[in-house]
Amino acid sequence: TVPGVYVPQVGDAVAYLPAGHDAAVASGALAEANGRGAPATAWARGGVRVGEAGNALAPPALGPAEPCAVLSLSFDLDLAANMPARDAGLTHAVVRLALARDPDWTFSLTLPHPALGGADFLVPAALFEGSAAARWAVGDRVAVWFAADDASGGGDDGDAPDPATPAGRFYGGVIREDSRVPSPAALAAAGGDIASANVAEVAADPWAAGGLWGRFRVAWDGEEEEGEVSPWELWPPGTTLAAARGLLGPALAPYARGAAADAVASALGDPRFALFAYTPTVERWEPGPGSAAARRDPRSPTDPPRPVAYTAAIPLPFSLADVGARLAAGYYRQAAAFCADTDLIAANAADFNGVVSDVAAVAADLAGRLKAAVLGGGEDGGGEEEDEGEARAPPPPPAFFPRRARTAIGRRRRRSEG
């Protein structure tokens, strides 16, 4: 995880910004991501979707920033886009969130495709709240993280990109405008001083303050264009990547990380799980009869079965090597996220081979073993002395939201582009 590139994980506490979601829809990022137009927010109460089974309850009104928990992540292929000319479908993700103030209320959101900028409207709760304490003012110098393809100019002090993350860097600029308008009550309490009223109102309750999305206009060093940036995207000049990561969320406990690494290493050495060691390539395989992958074939159901590219049938291929790579990189923030990835391996096996297939049964056994090692790890987790090399992770994991996803800031760099 790097600043400005939030990768949702199961179990995360997040801030959902409806204004940012609206901006993603207006920009076309969501429509382009799944080819189905702007998706509606799908609400449910106690597991029952609103409007179904006699559920006539109206969804609650959302605040300017809504504290939520990430309950699940699912992935799907958009078969409507460029089908059947291409072998690999365009994958999009759906995140299910629960309101912190009433967890029985949940809603699902389709996330923009990574190539179109990622989910700018979801922010780690710790980062969102921490940004409320920063008292930025017009004229202040700031730093914003950009991915490599956006970080084309000099940084705040002209230094080279951070060697720990060659895919991006901090980019310098100066705040030229604060667009937030304080409430009349806050303005009166501050004696008419707009800057002081903004500071007090946001600090008192950043979740209800409003006006934070794209609040600041920043003039970038060495460029004529200016961009609209939100408070949680701003960092003091000279901020290091390590310091920034401290506000991006928790980290998987050392004993759990050690237990997970040991379990992955054991599975990689077990012949029963050899099929799941590495992510299948674009080689064509025949889906199992009645599997979800077979049902995705857009042809007539009377046509005979045919081999398909695994990557064209499974939205997000995943393997033990991918889990190991994420462990080695310190990717997981909590055990729930690790368990979700192991469940994804099992779900993919059932999806491609059929729920009652032998392959699905072995994959389910694998997922159960990996989850038991972490959830029941305790003293067996290896503590601080885990050997991270045991994770055996040759390739990097498939990028759900790769670092280049910060292109969303690139789109906001120019005010004329919205």
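1. Rings of Phe, Tyr and Trp (its six-membered ring) are taken as a pair if their centres lie within 6.5 Å, with planes under 30 degrees apart called stacked, over 60 edge-to-face and the rest tilted. On that basis the structure holds 9 aromatic pairs. This is a predicted model, in which local features need pLDDT of at least 70 and side-chain atom pairs count only at pLDDT 80 or more, while totals for chains, interfaces and linings use all residues. Residues are numbered from 1 along each chain as its sequence is written, and side-chain values use heavy atoms, with hydrogens and water left out.

2. Tyrosine 16 and phenylalanine 121 form an edge-to-face pair, at 6.2 Å centre to centre and with 90 degrees between the planes. The two residues are 105 residues apart in the chain, tyrosine 16 in strand β1 (residues 13–16) and phenylalanine 121 in the loop between β6 (102–110) and β7 (122–124); strands (E, at least two residues) and helices (H or I, at least four) are DSSP runs, numbered from the N terminus. Tyrosine 16 is buried, with a relative accessible area of 3%, and phenylalanine 121 is buried at 1%, where buried means under 20%, exposed over 50% and partly exposed in between (1.4 Å probe, protein chains only).

3. Tyrosine 331 and tyrosine 332 form another edge-to-face pair, at 5.2 Å centre to centre and 80 degrees between the planes, and both are buried.

4. Phe128, Trp207, Trp213 and Trp232 form one aromatic cluster.

5. The axes (lines fitted to C-alpha atoms, for helices over the stretch in contact, with angles from 0 to 180 degrees between N-to-C directions) of helix α12 (residues 335–353) and helix α13 (residues 358–375) come within 8 Å and cross at roughly 175 degrees.
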